[in-house]
Amino acid sequence: MPTTPCSKRSRAALLVSGAEIGKTHKGVLNAFSDRLVKNGPLPKEMGRLLKHAETFRYVADYEGDPVELSDAQEMVEQAATFVAATRRWRCQSCGKTFMETLPAVNAKREMTNRLTKWIGQQSLKRTFASIADDTGLDEKTIRNIFRDYVNELEAEFRFETPKWMGIDEIHLIKPRCVVSNIQNDTIVGMLPNRNKDTVAKYLTNLPNKGMVQYVAMDMWTPYRDAVQAVLPDARIVIDKFHVVRMANDAIEKVRKSLRADLMPKQRRGLMHDRFVLLKRQRDLTDKEALNLDGWTKNYPALGEAYRLKEGFFEIYEAATAQEAMQRYEAWYRSVTPEVREPFSDIIRAWSNWQPMILNHFEHHITSGYVECLNGLIRVMNRLGRGYSFEALRAKILFTEGAHKHKLSRPKFERKREPELAYGLPDDAIGYGVPMVMERAIVRPPKPPKVFDPHEHVGPPKNYGADINTLIQLLEAGKL
């Protein structure tokens, strides 16, 4: 009966333990598993290694199929690990025996470091249940390995501090704060809640936090207080998306207030036409415009609310903050008493946040694209049968291939004009050169940087997890 190093070592280990040894390879496998793995000191990984070696032996000896060189080399490495793992040492002082410590085996998990790392990597791409099925481990063990792996990634990855930062939230059981890099459409942080202390602690630990120039956010007071406390030089910009959404909320309040006076058929019709009320007038089709005209004529309050909604949207078409303020004042004077209550929230918000709302007209930055994360997380949560926040956070922030390493050009930054020099060039000949020509002389471009092979090149910069890439990975079934 041909044998392998693993087979010989397993027989020797069984003899030392005093167990009965079967006459066949299968008998040795069963005895080794029962005596030394299930009820003994050896980790489960050793039992899997012995079964793996037995499979290779059977293929080579009886089926005659060729074995790939890489598989053979891997088997030799595993055999060395197995042989070392089954060594037992005896203490000369007390006489007790103990197993040899192995550098390739994770003592905490009782499996090889390679398997532990593989499970951690796969846990960012697959569900815990599928990995448990493939490895034969308990799903709880997979979660624990995943948690340790995420802690390693936390220490390894360092996202660049965004120049233009977005602070928003996603809903996962409760609101969670999301920090984004607006220039790159990437996610750089996800916090367990949106409390002031949590946000302030995150901002305090940012490297080079002084480089943050603008912070786009919604009208949540803890965000504002945290930014003002930690980043006093950063300018806060209230995101346009969250302001204009309040105008749509106001017209929805008016629509719902009319339902009590409508017949069931009319109520259903108004519910189906609610999207017409939320649509901009310039984007309506002929049929939609006709439906809108019928509702606004029959219900003047609804028509007045629609007029105010359109007027508020037009404020954001202003070119400057001064013009926007003038448009708002005119809009405010046009609010009638009949619909003032539904629009009271937007009036109060403008009054409380006016300087930060007007900053939008000087710096047109928005983090509205983060809203698509809510849909992405719902899909991931359904596929994962209810992931915890920590699991979803890790899958979003640390998925391999989702990080962006190239800084995108700022969407709202003007192109720099050529730098002009003053005075005449040294080789100018003659006199009477006009002053206009004198100021229009362009400085020569800087010489290209010479490559230095001895210059130290650090790791590539990481600007966070790209949202578009995450969506593509999810659609391809890789997330």
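Strand 6 (residues 174-181) and strand 7 (residues 186-190) are antiparallel partners joined by four bridges, and N181 is placed opposite T186 of strand 7. Strands pair if DSSP finds at least two bridges between them; helices (H or I, at least four residues) and strands (E, at least two) are DSSP runs, numbered from the N terminus. The model is predicted, so local features need pLDDT of at least 70 and side-chain atom pairs count only at pLDDT 80 or more, while totals for chains, interfaces and linings use all residues. Residue numbers start from 1 along each chain as its sequence is written, and side-chain values use heavy atoms, with hydrogens and water left out.

**Chain**
- The chain has 20 helices and ten strands.
- Of its 479 residues, 43% count as buried; buried means under 20% relative accessible area, exposed over 50%, and partly exposed in between (1.4 Å probe, protein chains only).
- Contact means heavy atoms within 4.5 Å. Among contacts between residues at least 6 apart in sequence, 60% join residues at least 24 apart.

- Six strands form an open sheet with mixed pairing, in the order 9-8-5-6-7-10.
- Strand 9 (235-238) and strand 10 (465-466) are the edges; each has a single partner strand, so one side of each lacks a neighbour in the sheet.
- Strand 8 (residues 214-217) pairs with strand 5 in the parallel sense over four bridges, with G166 opposite A216.
- Strand 8 also runs parallel to strand 9, again over four bridges, and here A216 faces V237.
- Helix 18 (residues 389-398) lies across strand 5 (164-172), strand 6, strand 7 and strand 10, at about 150° to strand 7. Axes are lines fitted to C-alpha atoms, for helices over the stretch in contact, and angles run from 0 to 180 degrees between N-to-C directions.

- S180 belongs to strand 6 and counts as buried because its relative accessibility is 1%.
- Beyond neighbours within four places in sequence, the contacts of S180 include T186, I187 and V188, as well as S367, Y369 and V370.
- Strand 8 is covered on both faces, with Y214 and A216 buried on one side and V215 and M217 buried on the other.
- M217 counts as buried because its relative accessibility is 1%.
- Not counting residues up to four places away in sequence, M217 touches I167, Y223, R224, V227, I236, V237, I238 and D239.
- The C-alpha atoms of M217 and D239 are 5.5 Å apart, although 22 residues separate the two along the chain.

**Largest pocket**
- The largest pocket has a volume of about 750 Å³, a volume being the space filled by probe spheres set on grid points that are joined across faces, edges and corners.
- On a 1 Å grid over the protein atoms alone, a pocket is an open set of points where a 1.4 Å probe fits, with protein on both sides within 12 Å along at least five of seven lines; lining residues have an atom within 4 Å of a point.
- Its lining holds 32 residues, with E154, M190, Y202, R393 and L397 nearest the centre.
- Helix 7 (139-156), strand 7, helix 8 (196-204) and helix 18 each give at least two lining residues; helix 7 provides the largest share, seven residues.
- The lining comprises 18 nonpolar, six polar and eight charged residues. Ala, Val, Leu, Ile, Met, Phe, Trp, Tyr, Cys and Pro count as nonpolar, Asp, Glu, Lys and Arg as charged, and the others, Gly among them, as polar.
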